[in-house]
Amino acid sequence: MSIRSKLFIFIPLLVLLMSFVSYFLFESGKNVQESYYLMMDRILLYKQVSKESKEVMRYLNRYVIQIDEESYPDLRMHLEALEGLREQLANMEKNEVNALPIQNYQNMIDTFQEQTRGMIGGKEADSNAKAGAYLQAEQISRYIGEDGQALVDLELEHYRPIYENIMLTTAKMNKLGLYLVFTVALLSIVFSLWLSSSISGPIRRLVLTAKQISKGKLDTKAPELSTGDEIGILCQTFNHMLDNIQELMVKNMKGLEKDRLVKELELKALQSQINPHFLFNTLNAIAKLAYIEGAEKTSDLTVSVSRLLRYNLQKLDHPVTLRDEVQHALEYLAIQKARFRDRIQFVTEIDERAMEQIVPCLTLQPILENALVHGIEDMEEGALLKLGIACREDRVLIEIADNGAGMSEDIRTMLLQSIVKDVPRPHRGKEQSTGLGTVNVFKRLQLFYDGMQSIEIISAEGEGTTIRFYLPLSTGAA
């Protein structure tokens, strides 16, 4: 059952139980109140009749005996009030106990009203007759008061056993209502504890599992619940997510290990093709022999080749300073200068303040080689290759520019995108001799500087190419 279903079922159920208890207590009190109001209405009616009869006699005395004309309206008002009370008395529900006394009481009121009206209409009678009639009316009014009190006593006597029975029943109902309130409160507490534990308990265990996972304990599992509600589904989904993460991590580790082994094998395969010591010794012997024979240029070229190979084979996996990179690049340019002679002009603008900047090994030479092979190699004259290094506030600027064939916009975009994702290498018709091309340099810079570097490529077909590296200034460079 889902949490929403639990709330929609049990909360209305509790509300209905509380409403039932409230209605039960209300009806019990209502019955008592109705009986009490009925009895009080009868008693108040008798008292009101007695009171109005006395008021009529008071104003009748003023009007008839004292001949006060201004008291007549008040006399008429109290007579009409007494008539209204008499009508209420006639319409009142009666039983076998009070039916005859009430009928006599009504007759007495009627007699009192007739005698009063007679006195009002016979004002011109002599004083003795008026005094006798007034005394009779006064006597009837006194009887009305006495009979009213007798009816009050009769009503109290009649309703006493009924009232006692009602009060006894009410006490029982109140006690039963108290039990019901206690039961409903207990059920509410039990339900609240059950609902909160069914929701907060699994969530608390899920939070503890998440904390364990945040500490690197991926073998932790969320509690498996069979409740079928949203919390149970969340725990199952959480465990599935953990399983997927563990599978992805295993696959990723296998992939990384495979890539490491492949690169290690590639490096060993490349290194196994040449015995560095034999090659260096041979090149040194050739250089010395050329120097002895007077071929100084051949000797210098051989030394440059020896240094170039030594740098490539021995420092490929270590960071170096820009000074080492520039020296290596100059060795490479010296070799190419011997090859192309005056067809290509090499220009360098080096800022000594940036020479201690730390960079990955083989950063400059592959870019220079790419500019040479794909940019200016086919130019018969006027070819220019420029290497510039400068400090710019908190960055080091490296610029490699040529005035050669340039590149298309698609290739330029592909090279920039290769920094953050794998893309196919552009096929431009010629293989690079080092095997470490522009894409490789870009990716190694991205990893080395953790994305803090920026790279610009300015190129168009037939207008040459300029590549700029903006590197964060490292310790030692100023």
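**View 1. Leu-13, Leu-17 and Leu-187 make up a nonpolar patch on the surface of this predicted model.** Together the three residues have about 230 Å² of accessible area, computed by the Shrake-Rupley method with a 1.4 Å probe, with only the protein chains shown counting as cover for residues. Patches consist of residues with over 30% relative accessible area and no salt bridge; like charges are joined within 9 Å, and nonpolar side chains (Val, Leu, Ile, Met, Phe, Trp, Tyr) within 5 Å. Leu-17 lies in helix α1 (residues 3-65); helices are DSSP runs of H or I with at least four residues, strands are runs of E with at least two, and both are numbered from the N terminus. Leu-17 is classed as partly exposed because its relative accessibility is 30% (buried is under 20%, exposed over 50%, partly exposed in between, with a 1.4 Å probe and protein chains only).

Residue numbers start from 1 along each chain as its sequence is written. Local features need pLDDT of at least 70 and side-chain atom pairs pLDDT 80 or more, while totals for chains, interfaces and linings use all residues; side-chain values use heavy atoms, without hydrogens and water.

**View 2. A salt bridge joins Glu-352 to Arg-323.** The term requires a side-chain nitrogen of Lys or Arg within 4 Å of a carboxyl oxygen of Asp or Glu, and nine salt bridges are counted by this rule. In the Glu-352 and Arg-323 pair, the closest N and O atoms are 3.3 Å apart. This pair links distant parts of the chain, 29 residues apart: Glu-352 is in the loop between β2 (344-350) and β3 (358-359), and Arg-323 is in helix α8 (residues 322-340). Glu-352 is exposed, at 53% relative accessible area, and Arg-323 is partly exposed, at 37%. A network of salt bridges links Arg-323, Glu-352 and Glu-356.

**View 3. Asp-351 and Arg-353 form a salt bridge through their side chains.** The N to O distance is 3.0 Å. Asp-351 is buried, with 17% relative accessible area, whereas Arg-353 is partly exposed, with 49%.

View 4. Glu-409 is partly exposed, with a relative accessible area of 44%.

**View 5. Helix α8 packs with helix α9 (residues 364-376).** The angle is about 25° and the axes are 9 Å apart; axes are lines fitted to C-alpha atoms, for helices over the stretch in contact, and angles run from 0 to 180 degrees between N-to-C directions. The two helices, α8 and α9, are therefore roughly parallel (angles under 35 degrees; over 145 is roughly antiparallel, 65 to 115 roughly perpendicular and the rest oblique). The crossing of α8 and α9 is right-handed, as the near helix is turned clockwise from the far one by less than a right angle.
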